[in-house]
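Open the structure in your viewer and keep the selection tool ready. We will go from stop to stop.

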There are 2 protein chains.
Amino acid sequence: MDFFFNPRGIALIGATPNPQKGGHAILRNLRIGFKGGIYPVNPSYAEIEGMSCYPSIIDVPDPVDLGIIFVPAPLVPQVVQECARRQIPGVMIESGGFAETGKSGALLQEAIQSISKETGIRVWGPNCMGLVDTIKGHIFSFATPMMWDYGLKQGKVSMIVQSGMLSGVFLIDVMTHGVTGVSKVCSIGNKVDVNECDILEYLISDNHTESICLYLESIDDGRRLFKLCKNTQKPIVLLKGGKSKKGASAAMSHTASMAVNNAVLRGAMAQAGVFEATGFRHMIDLGRTLARYPKSATKFPGKIAVLTYSGGAGIVSSDFIDNLGLELAELSRTTLYQLKTITPEWMPLSNPVDLWPAVERNGARKAFGTAMRAVCADPGVDGVLFHAFSGGFGLSPDMAEIIRISKSAGKPLFCWLLGEREAARDFQERAQDLGVPVFRDLHRAVECMAAVFSKKPSILEIHEPEQSKKILLSETLENILTDKAGLMDEHVSKQILSAYGIPTVAEKVVIDKKEAIAVSAELGFPVVMKGLLPGQAHKTEAGLVRMGIKTEKDVLGAFDFLYKKMSENETGGKMIVQRQLSEGIEMIAGLFHDPQFGNCVMCGFGGILAEIIKDSEFAAAPIGLSEALDLISHLKNQKLLDGFRSFPAVDRKQLANILVRLGQIGLDYPQIKEIDINPLLNGDQGLMAVDALIVL
Amino acid sequence: MDFFFNPRGIALIGATPNPQKGGHAILRNLRIGFKGGIYPVNPSYAEIEGMSCYPSIIDVPDPVDLGIIFVPAPLVPQVVQECARRQIPGVMIESGGFAETGKSGALLQEAIQSISKETGIRVWGPNCMGLVDTIKGHIFSFATPMMWDYGLKQGKVSMIVQSGMLSGVFLIDVMTHGVTGVSKVCSIGNKVDVNECDILEYLISDNHTESICLYLESIDDGRRLFKLCKNTQKPIVLLKGGKSKKGASAAMSHTASMAVNNAVLRGAMAQAGVFEATGFRHMIDLGRTLARYPKSATKFPGKIAVLTYSGGAGIVSSDFIDNLGLELAELSRTTLYQLKTITPEWMPLSNPVDLWPAVERNGARKAFGTAMRAVCADPGVDGVLFHAFSGGFGLSPDMAEIIRISKSAGKPLFCWLLGEREAARDFQERAQDLGVPVFRDLHRAVECMAAVFSKKPSILEIHEPEQSKKILLSETLENILTDKAGLMDEHVSKQILSAYGIPTVAEKVVIDKKEAIAVSAELGFPVVMKGLLPGQAHKTEAGLVRMGIKTEKDVLGAFDFLYKKMSENETGGKMIVQRQLSEGIEMIAGLFHDPQFGNCVMCGFGGILAEIIKDSEFAAAPIGLSEALDLISHLKNQKLLDGFRSFPAVDRKQLANILVRLGQIGLDYPQIKEIDINPLLNGDQGLMAVDALIVL
């Protein structure tokens with residue numbers, strides 16, 4: 001991919017001297033900072049802005065590593081073809097008029113895709129705004145050159161965006177407000193070939209990128225995205241547009257996107273340690289914060305000291321810290337003693353530390369400095385939320401000193417700033433240049449702080465789950481899995497689960513009444529009797545389940561009843577007698593194939609609970625034990641897992657192991673489309689699959 | 001209260017020529033805009049800044065309506081006493097050193113309170129930053145006079161704040177960033193006499209105030225606050241500091257506040273139509289938006305048209321609109337036809353309307369203008385979210401025209417703005433001067449839009465609940481309620497509920513086995529038998545409940561069992577036989593006395609559900625039928641009310657009526673401290689009180 005980012009020479013197909021056109025803007029933008037050869041291509045001109053213009057790509061001298069294409073859509077396939085013939089490794093198509101415009105555009109797009117596949121030329125776009133690299137000064141974009149008059153603010157955040165807005169107007173907003181600097185912004189458009197994963201992979205190993213923000217309306221290869229995110233320590237922030245039904249339908253008419261199943265997406269991204277943003281500014285705020293503190297993930301929850309000049313702001317900070325899963329640090333006696341030296345006698349000291357009286361007595365410099373040194377030396381403090389005001393009241397701290405203290409103690413510092421507009425902007429830029437994120441909104445400051453201190457499973461544990469050796473199944477089961485298709489019956493399904501060490505309820509197939517009575521006696525009353533018919537997934541609704549069988553007489557009655565029911569069916573089936581378990585919390589666990597992420601496991605509450613609380617979580621499979629435990633910890637109703645009335649607590653580790661094994665089955669037998677354990681009952685003997693289905 | 005806001009003359013006790021002191025700052029601030037007489041008081045000086053200085057308040061010439069006190073705390077009580085003797089109607093104490101500093105300060109504060117009570121002098125503060133009125137130019141505050149050099153930005157939002165920060169640095173931030181103008185900001189400090197309600201009442205009838213923001217750490221008189229909010233059409237926004245446990249403990253060391261029960265607070269405030277803010281900026285954003293659109297509450301949910309220049313921003317807007325309870329408007333055929341005139345042929349048209357191609361073809365002025373006219377004329381559109389960019393790309397709309405269209409159509413307009421810093425600020429100020437709220441954050445724009453279109457019960461239905469005539473109880477019940485105290489037994493409690501028309505389960509007191517059998521037969525098996533002992537609230541735990549009694553033999557057994565249990569108790573009791581109802585959703589309903597809000601009703605899910613989902617709502621009582629329905633609609637698990645497996649749906653109106661009646665009982669018999677209906681079972685015959693307790 002490097003030829004897209006660092007081409008030796010660029011041919012601009014569609015260059016024009018008309019300043020109203022994008023082909024002119026791209027040329028001007030290239031000349032701002034690109035150091036390699038720039039070759040305008042347009043048969044209508046011999047020269048543009050003093051540069052030689054070439055009639056076609058074929059005539060362009062070497063070296064040319066990148067073609068930027070800005071010609072009307074119908075001409076694009078031919079131009080791409082010519083570039084391929086010219087052995088140019090990649091093109092960036094910034095013209096619109098493709099899949100986003102309807103059917104004929106979609107056909108043009110398909111044509112380009114074929115050329116890319118046949119010739120191997122890499123295609124970025126179409127319908128995109130290309131690339132901006134502030135470090136190198138590369139602007140491969142048709143955004144009005146005037147935009148860069150405000151200056152490119154360099155930073156460590158890179159972005160991959162599926163909307164031109166974010167690489168245009170949003171960038172101006174962010175850069176001119178001094179909110180943050182950026183490294184690379186990649187607008188990917190319709191993704192005919194180069195997609196978010198190709199660029200993400202590149203940026204993960206880019207030295208000028210400390211964190212990566214993605215705005216995506218569609219996800220091309222969920223499994224690859226998952227793996228890339230999971231295997232890097234670089235913080236990644238994702239804003240997914242089109243999460244609501246309406247948003248998704250808007251997405252489809254926008255960049256021709258497909259909505260993915262958001263529950264699966266969220267599960268897989270959480271599993272990969274990706275931070276989820278809820279809006280554009282949230283995305284950039286998370287990105288710039290994590291670029292500053294990319295590796296502070298070992299403390300969880302973070303214990304925060306709040307230094308403030310306002311009791312009220314301290315109270316509201318406490319509320320936010322509490323709500324967002326952080327903790328207020330308990331200050332040590334040493335810390336309190338040091339704070340005592342600057343505060344009046346009467347003042348009760350606690351965290352948040354209200355420094356207004358200290359500032360009045362000692363001046364801002366001494367008050368904030370002393371307090372900062374004290375909390376940074378406190379082993380019970382993991383990070384500091386510093387409230388600053390800029391523009392009077394004698395409140396200005398010596399920020400360089402404050403930041404120095406934070407850095408030498410290795411305690412992340414987060415600054416919430418109020419202030420007069422000009423003074424505040426200066427403060428913000430200075431602090432950010434010194435490496436400290438500044439926030440104008442207190443809630444956002446605490447949100448970003450929480451992200452830094454949140455557990456990041458993919459960062460803490462970056463190895464792939466251990467792939468245990470394939471389990472050997474009996475020949476019968478092996479044959480079934482190889483030869484059959486469709487729905488496996490409950491009994492066969494549970495035999496397979498059982499072979500993988502997933503506990504299943506005791507049961508036997510019976511062929512006559514005598515055997516039914518014998519098995520019932522062996523299992524012990526009460527028992528359940530079920531009729532299993534091929535392809536029948538809804539036994540209860542079909543009247544094929546008899547529960548609460550307590551006597552031999554009941555067994556006989558149930559046998560007759562089920563026998564009759566089953567005789568109505570031509571294909572025949574089998575009857576099983578099953579131990580009836582004591583009541584307990586009903587869970588559901590399963591494996592399924594997601595179109596975006598491939599095999600995924602799920603886990604949630606089942607039975608009556610499922611109807612009330614709808615609480616389930618997803619992860620890409622296979623899955624390691626600690627990932628599975630993490631998934632379980634994301635279930636909202638944790639208290640239910642801890643036991644409930646007379647119901648015993650769920651052994652989280654046992655549950656996690658079941659998920660690990662479900663993932664393993666999926667790996668061993670790719671022909672399995674779906675496994676559904678429902679209910680996975682947590683009785684006196686722990687979790688047990690009471691009913692299960694496997695779909696081949 | 002008017003003498004606080006519009007005094008004819010002000011005595012400043014504690015005036016000083018020392019520019020480092022607050023007594024100097026107040027003087028300078030008064031001279032900025034106060035037109036009445038200003039009388040510095042300080043025995044050490046004859047003149048300050050060219051003004052006569054008086055040795056004591058007694059020497060100050062008339063008229064003096066307000067004393068602003070800024071002397072050390074120990075001197076304050078005497079000064080207040082002198083002001084009272086001087087017949088000054090009110091003082092504003094801006095000195096600190098009172099309850100916020102510990103015990104001795106608290107005693108000083110009590111002394112002031114006594115003087116206020118004895119003499120009738122109204123006391124604002126202490127420990128506050130007084131009042132800023134931008135319209136009149138009144139600055140009764142010790143905030144550094146330099147702060148006003150940035151200019152007072154006038155607006156229609158007034159604030160009542162229990163933190164000096166909000167009337168100082170926050171104000172500078174808001175005013176210099178052009179976010180909004182304000183009308184009055186009242187810093188109330190320790191509230192020894194004048195509290196949030198006094199000022200709220202004043203601001204509700206203030207012509208220069210269109211909306212009121214409150215930041216409170218304590219609530220002095222919840223009932224009065226509730227009534228004021230409920231009976232005004234002026235939008236009120238509340239940010240409560242100290243909602244978390246940690247926040248509340250910080251609050252106690254700050255302004256000597258008491259945390260109130262937040263569930264009750266939230267319920268009562270929602271009932272009164274108060275908007276809840278989650279942070280400082282959220283508070284001011286809601287305040288300024290509602291000041292612009294104070295009465296747009298008739299549409300619910302609001303149907304929104306989104307005009308954007310970015311497909312991506314449209315998608316994310318759709319997600320927010322969906323999440324926040326608004327709806328995307330379905331555009332009419334006429335609207336689509338008009339949009340067709342400016343958009344390219346290929347472009348699929350829907351809402352959000354992506355106007356980028358239209359801007360490219362027609363210019364921003366025509367594209368946005370045509371689209372705005374079309375959606376504003378559309379009867380299916382209630383409001384418009386307009387995405388604007390300022391600073392290039394040829395995207396600048398004619399905002400004056402856009403706003404004119406919105407106003408003449410009467411459709412609220414909300415503007416989300418990105419842009420180059422200076423251009424954006426100009427845009428924002430211009431738009432706001434033209435009466436349209438502008439937001440820099442898209443999510444916040446949609447949040448504020450949702451507030452404008454949210455149902456405001458207090459505004460839609462401002463009348464007090466009808467107070468029905470007092471119900472006549474039997475002499476026995478009347479006597480019990482008059483003479484007894486403590487816990488009433490289940491049977492008596494339900495008789496009282498029944499007299500108020502609340503359905504109760506059929507039951508009878510029995511005195512011997514014969515009667516027990518006869519009553520059981522009369523009620524029909526199965527029955528429940530219970531032993532009621534005086535003061536025993538936990539019958540089940542005490543083994544005094546026998547359920548599932550199906551035969552006469554069971555009755556005899558239960559009788560013996562309960563008789564024996566009850567004999568263990570010296571005080572004696574009674575035995576009841578009760579019909580055992582079919583299963584159903586168990587609710588809880590009750591009445592209780594909240595220290596802040598007085599009588600309140602509560603309603604929630606009971607039984608096993610209560611343990612899983614913890615879902616209950618509160619409201620101040622008495623309560624009207626539509627308020628009760630509103631309360632019920634706030635329960636999170638609405639689907640459960642719609643019926644569940646074999647359980648019938650809850651009749652919301654019946655449930656609402658029960659809450660209305662609980663409120664009525666509380667009104668008729670103020671001696672009732674608590675009523676607890678648990679469970680209120682929703683069986684085949686609807687809701688029925690199965691067990692209940694009344695505490696006198």
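This tour visits a helix pair and then a chain interface.

The model is predicted: local features need pLDDT of at least 70, side-chain atom pairs count only at pLDDT 80 or more, and totals for chains, interfaces and linings use all residues. Residues are numbered from 1 along each chain as its sequence is written, chains are lettered from A in the order in which they are written, and side-chain values use heavy atoms, without hydrogens or water.

**Stop 1: two helices**

Select residues 333-340 of chain A, helix H13, and residues 356-377 of chain A, helix H14. Helices here are DSSP runs (H or I, at least four residues), and strands are E runs of at least two. The pair packs at about 175 degrees, with axes 9 Å apart. Axes are lines fitted to C-alpha atoms over the stretch in contact, and angles run from 0 to 180 degrees between N-to-C directions. So H13(A) is roughly antiparallel to H14(A) (over 145 degrees).

Now show the side chains. A:Thr335, A:Gln338 and A:Leu339 of H13(A) meet A:Thr370, A:Ala371, A:Ala374 and A:Val375 of H14(A) (contact means heavy atoms within 4.5 Å).

**Stop 2: chain B against chain A**

Color by chain. Here 80 residues of chain B are in contact with 81 residues of chain A. Four salt bridges are counted between the chains (a side-chain nitrogen of Lys or Arg within 4 Å of a carboxyl oxygen of Asp or Glu). Select A:Arg421 and B:Glu422: they form a salt bridge, with the closest N and O atoms 3.5 Å apart.

Last, select helix H12 (311-323) of chain B. H12(B) gives the most to the side touching chain A: nine residues.

Notes. Parallel < 35°, antiparallel > 145°, perpendicular 65-115°, else oblique.
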